[in-house]
Structure formats: structure tokens, C-alpha cells
Amino acid sequence: MRVVLAEDLFLLRDGLVRLLEAHDFEIAAAVESGPELARALAELTPDVAVVDVRLPPTHTDEGLQCALRARRERPGLPVLVLSQHVEQLYARELLADGTGGVGYLLKDRVFDAEQFVDAVRRVAAGGTAMDPQVIQQLLTRRAADDRPLARLTPRELEVLELMAQGRSNAAIADRLVVTERAIAKHTSNIFAKLGLEVSDDDNRRVLAVLAYLDHGR
């Protein structure tokens, strides 16, 4: 699996290269600026891009904007964005086209190699990987004035949070140490209470939940 990596801090970039190569990813390019990223994405057609939000020369959201432009030119290009802090706007921009193959993680997550590599693979496969802190903020804000959310049981809220992070039924069942059948029942109840259309497609389900949580912004 070919990766284009964009990170301006040398030590972190080098560490990510080593980590990804140790898990059988091929680094097609490892760059440090927005212009370099734009060229790499246009010329190398990677399987997935791992991109720092802030890159030279602007040090604002250069990395994110390069990735979004690349997705417009190559619809479905898998992009995992890394950020120092939670910014819901970044997550919102990534999810705006309503398709999968996107992820948004805090940089702290890269220190958990298993979690980070799982997120890269999930995004590369067309799935979604959202940082737990982003989901917590969405849930907290939405729960304040949302009667359907208030109807969910504590277990259903737990399942909803894991689902919104981009996890499949199997992954949620493994995390909560229950059967997939139990999780399927919880997800059906969640969708019924929130008034969402049930789907057997994991990614469609994740995007529906994220859209619901972000509604009314």
C-alpha cells in the first residue's frame, strides 16, 4: 500500500515513515510543505495520504486544503489528516462531500502504533476514522438540546460513540467484549431512536451518524 506522507517536523515525519514501513506500507513520498504535497498527490497517485493540517508556507490549514483539492481532482482519494488540537471545522470539511476514505486524528494518536496503523488501513479501504475527542465534542454539544439522544441507553451511547469513530460492528463487539449480534441489536435501536435509515454498509452508517451529530451547527 503506497502512502504519501506530509509532516513538517522532521523527527515526527521520520518516525511516521519508520512506523508505516514496519507495518508493510510503502512510502511513495515524505514531504514537508504544501507545494510538495500537492505535487506528490498529483504525480504519484498514492493509495492513501497521511497529512498534517498545518504545513509551510502558510502554517495555517495548508495540508488540509491540499488534501481537499486532491480529493476534488481524484474523488475518493483516501486522506487521513493529523492535527495538534481538535478543530471540528477540519472534520466537517473532510466529511462535506458525504463519501468515505477520510480520517481525522490528533497527533497524540500516532504514539499508539496499533490504533494509528488501524486508522490508516481503515481510511485506505474507503472507511472513516474520527478521533474520539471529536466525537465526544459532537455528542456533548448535540446532547444538550436533543431529545432522541436522551432516549439512548448508556450502552447505546457507548456503541454510538464507537460507531461514529468509524468502527465496524465486529470491531465494536471486540472492544466491548460482546457478540456481533448484540451490537447489531444496539445499532438497530440507535437508528430507530434517531430516525435514521438503517444500512448494512458500515461506512454509510458511520457517515449517517456523523451527519446527524453535526446537524444544526
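Okay, let's start at asparagine 169: leaving aside residues up to four places away in sequence, asparagine 169 touches Glu180, Ile183, Ala184, Thr187, Asp202 and Arg205. By touching, or contact, I mean heavy atoms within 4.5 Å. Before I go on, some housekeeping. This is a predicted model, where local features need pLDDT of at least 70 and side-chain atom pairs count only at pLDDT 80 or more, while totals for chains, interfaces and linings use all residues. Residues are numbered from 1 along each chain as its sequence is written, and side-chain values use heavy atoms, with hydrogens and water left out.

Back to asparagine 169, then. You'll find this residue in helix α9, residues 169–176. Helices here are DSSP runs of H or I with at least four residues, strands are runs of E with at least two, and both are numbered from the N terminus. Is asparagine 169 buried or exposed? Its relative accessible area is 15%, so asparagine 169 counts as buried. The cut-offs are under 20% relative accessible area for buried, over 50% for exposed, and partly exposed in between, with a 1.4 Å probe and protein chains only.

Next, aspartate 52. The unreviewed UniProt entry puts "modified residue: 4-aspartylphosphate" at Asp52. A word of care: UniProt positions are in the numbering used here, feature names are shortened, and annotations may be inferred rather than shown by experiment. Aspartate 52 sits in strand β3, residues 48–52, and counts as buried because its relative accessibility is 4%. What does aspartate 52 touch, not counting residues up to four places away in sequence? The answer is Ala6, Glu7, Asp8, Gly63, Leu64, Leu82 and Lys107.

Now look at helix α2, residues 34–44, where Gly34, Leu37, Ala40 and Leu41 are buried. Why do these buried residues line one face of the helix? Seen down the axis of α2, they fall within an arc of 125°, so they share one face; that arc is taken from the directions from the helix axis to the C-beta atoms. They pack against β1 (2–6), β2 (26–31), β3 and α3 (62–73). On the face turned away from the buried side you get the exposed residues Ala42 and Glu43. Just after α2, threonine 45 has a positive phi of about 40°.

On to strand β5, residues 102–106: 5 of its 5 residues are buried. Val102, Tyr104 and Leu106 point one way, Gly103 and Leu105 the other. β5 pairs in the parallel sense with β4 (residues 79–83) over 5 bridges; pairing needs at least two bridges found by DSSP. Between β4 and β5 the chain passes through helix α4, residues 88–95, in a right-handed β-α-β crossover. Right-handed means that, with the strands pointing away from the viewer, the path from the first strand over the helix to the second runs clockwise. β5 also pairs in the parallel sense with β6, residues 128–130, over 3 bridges. That β-α-β unit, with helix α5 (residues 113–124) between the strands, is left-handed.

Last, the nonpolar cores: sets of buried Ala, Val, Leu, Ile, Met, Phe, Trp, Tyr and Cys residues joined through side-chain atoms within 4.5 Å. The largest has 52 residues, and Leu37, Leu160 and Leu213 have the most contacts inside it. Helix α11, residues 202–213, gives the most to this core, with 6 residues. Another core, of 20 residues, lies apart from it, and includes Val17, Val50, Leu82 and Val110.
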